[in-house]
Amino acid sequence: MGYNARRAALSIIEVFLKRLAPYGLKPVDFSVMSTICHNPGVTSRQLCNTLSLLPPNLVGLIQSLESRGLIERRPHPHDGRAVGLHATPKGLELMAQAEQTATELEAEKTAKLTPAQRKTLLSLLQKIYL
């Protein structure tokens with residue numbers, strides 16, 4: 001099972017890297033930006049837990065995204081010690097384009113599956129890692 005999952009992932013990741021290059025995003029950048037865009041105000045701790053990232057690895061990534069003007073930090077409304085991460089308008093626009101590119105790639109790579117099979121595959125994969 002691991003072998004087949006890895007082969008499937010590699011066939012997608014190779015193309016994903018090429019298609020995300022114009023946006024200046026690596027897969028981890030894409031995951032972090034997508035999570036921030038869909039969860040405005042998410043904290044670094046929540047990002048680490050959600051994406052299985054180590055805090056030291058996330059620090060540089062957040063700084064990079066912030067220096068590119070894609071995200072900004074704002075005080076957390078309920079926790080004075082925490083900072084919420086928010087996509088900027090530039091970040092939202094970039095991610096709308098990048099997510100459209102990712103959606104098109106997924107459609108291409110799963111074209112041999114029926115919609116029901118695609119849904120089942122996604123559900124089964126999530127049972128493994130969620």
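**View 1. A salt bridge between glutamate 14 and lysine 18 within helix H1.** In this predicted model, glutamate 14 forms a salt bridge (a side-chain nitrogen of Lys or Arg within 4 Å of a carboxyl oxygen of Asp or Glu) with lysine 18, and their closest N and O atoms are 3.9 Å apart. Both residues lie in helix H1, four residues apart, which is about one turn of the helix; helices (H or I, at least four residues) and strands (E, at least two) are DSSP runs, numbered from the N terminus.

**View 2. A salt bridge joins glutamate 108 and arginine 19.** The side chains of these two residues meet at 2.8 Å, N to O, and the pair links distant parts of the chain, since glutamate 108 is in helix H5 and arginine 19 in helix H1, 89 residues apart. Glutamate 108 is partly exposed, with a relative accessible area of 47%, and arginine 19 is also partly exposed, at 30%.

**View 3. Phenylalanine 16 and phenylalanine 30 form an aromatic pair.** Rings of Phe, Tyr and Trp (its six-membered ring) pair if their centres lie within 6.5 Å, and planes under 30 degrees apart count as stacked, over 60 as edge-to-face and the rest as tilted; by this rule the count comes to one aromatic pair. The pair is edge-to-face, with 5.3 Å from centre to centre and 85 degrees between the planes. Phenylalanine 16 lies in helix H1 and phenylalanine 30 in helix H2, so the pair ties together parts that are 14 residues apart in sequence. Both residues are buried.

**View 4. Threonine 43 sits in the loop between H2 and H3.** Threonine 43 is buried, because its relative accessible area is 12%. Leaving aside neighbours within four places in sequence, threonine 43 is in contact (heavy atoms within 4.5 Å) with His76, Ala82, Val83 and Leu85.

**Notes on the views.** Residues are numbered from 1 along each chain as its sequence is written, and side-chain values use heavy atoms, with hydrogens and water left out. Local features need pLDDT of at least 70 and side-chain atom pairs count only at pLDDT 80 or more, while totals for chains, interfaces and linings use all residues.

Note on methods
Buried < 20%, exposed > 50% of the residue type's maximum accessible area, 1.4 Å probe, protein only.
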